[in-house]
Amino acid sequence: MTQLIIGDIHGCYYELQQLLDQSGIGDDDEIICVGDLVNRGPEPLEVFQFFRDTPNARSIMGNHEWNHVRAVTGELPPRFPTLLTRWMMGEQYAEFIDYIQTLPLYLDLPDALILHGFFEPDVPLEKQEKRILLGVTSAENYLHETYDRLWYTYYDAKKPIIVGHRDYTDEQQPLLYNNVYGIDTRCVYGGSLTGILLPSFELISVPARRDHWSKLQRKHGVE
């Protein structure tokens, strides 16, 4: 079985379909997203419906899914990307909330560890804090204050780790650092949508149609 690990989709359904077509994935293979299915992109409902309705597709939780959960429970005031996604989903928003609350924080696959955000050095997987794995702002601040280098430069485990959340290259390109693969290539900002095929670790990508987030901001008068 081939597994396609996909970076942050952020509601870019068209690019998702383009990537799937390019990958050659079949019904007996598996599609896995590293989180951030929605927010800032034009088709969050279609992306949600695809992962909900496709038997061989699943996702882990990203910080944007977590923001929706926290907003619904009143823990966090919703920001514009969350409110916009809620409006775009309409009557299916409650079902979306139910779905994302079932998403795991990570997947420990035979060929790679999949998570959304960060991995604290020298901390066992089962003891990693939720905020670290999700990559929330407080976790990023904590890592910067605690360690001299970026977290991935410390990672020395034998099993490769695949993450999203940040464009570590600042060039909308995948990060390849020792056994760490960063595949958020900023599709929603006009970059590309990137995936990794396991077990070969072949990288594939498709260009974004446009800077979706800037277009949505202009449309709704938000800067």
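Is tyrosine 152 buried or exposed?

1. **Before you start.** This is a predicted model, in which local features need pLDDT of at least 70, side-chain atom pairs count only at pLDDT 80 or more, and totals for chains, interfaces and linings use all residues. Residues are numbered from 1 along each chain as its sequence is written, and side-chain values use heavy atoms, leaving out hydrogens and water.

2. **Tyrosine 152.** With a relative accessible area of 9%, tyrosine 152 is buried. Here, buried means under 20% relative accessible area, exposed means over 50%, and partly exposed lies in between (1.4 Å probe, protein chains only). You will find tyrosine 152 in the loop between helix 7 (137-146) and strand 6 (161-163). Helices (H or I, at least four residues) and strands (E, at least two) are DSSP runs, numbered from the N terminus. Tyrosine 152 and phenylalanine 118 are 34 residues apart along the chain, and 7.8 Å separates their C-alpha atoms.

3. **Helix 7.** Ala139, Glu140 and Leu143 are buried in helix 7. These buried residues fall within an arc of 100°, so they line one face of the helix. The arc is that of the directions from the helix axis to the C-beta atoms. The other side of helix 7 has Thr137, His144 and Glu145, which are exposed.

4. **A link from helix 7.** Arginine 166 and glutamate 140 meet through their side chains in a salt bridge (2.7 Å, N to O). Because arginine 166 lies in the loop between strand 6 and strand 7 and glutamate 140 in helix 7, the pair ties together parts that are 26 residues apart in sequence. The term salt bridge means a side-chain nitrogen of Lys or Arg within 4 Å of a carboxyl oxygen of Asp or Glu. Arginine 166 is partly exposed, at 32% relative accessible area.

5. **Other salt bridges.** The structure holds 9 salt bridges. One of them joins glutamate 75 to arginine 70, with the closest N and O atoms 3.3 Å apart. In this pair, glutamate 75 is partly exposed at 49% relative accessibility, whereas arginine 70 counts as buried at 19%. Glu15, Glu43 and Arg209 are linked in a network of salt bridges.

6. **Helix 8.** His212, Trp213, Leu216 and Gln217 are buried in helix 8. They cover an arc of only 130° around the axis, which puts them on the same side of helix 8. Arg218 and Lys219 are exposed, on the face turned away from the buried side.

7. **Backbone details.** Which peptide bond is cis, with omega near 15°? Look at the one from leucine 198 to proline 199. Proline 199 is in the loop between strand 9 (192-198) and strand 10. Asparagine 178 is not a glycine, yet has a positive phi of about 50°. Asparagine 178 is in the loop between strand 7 (175-177) and strand 8 (180-182), and is exposed, with a relative accessible area of 61%. Arginine 186 also has a positive phi, near 60°, and lies in the loop between strand 8 and strand 9.
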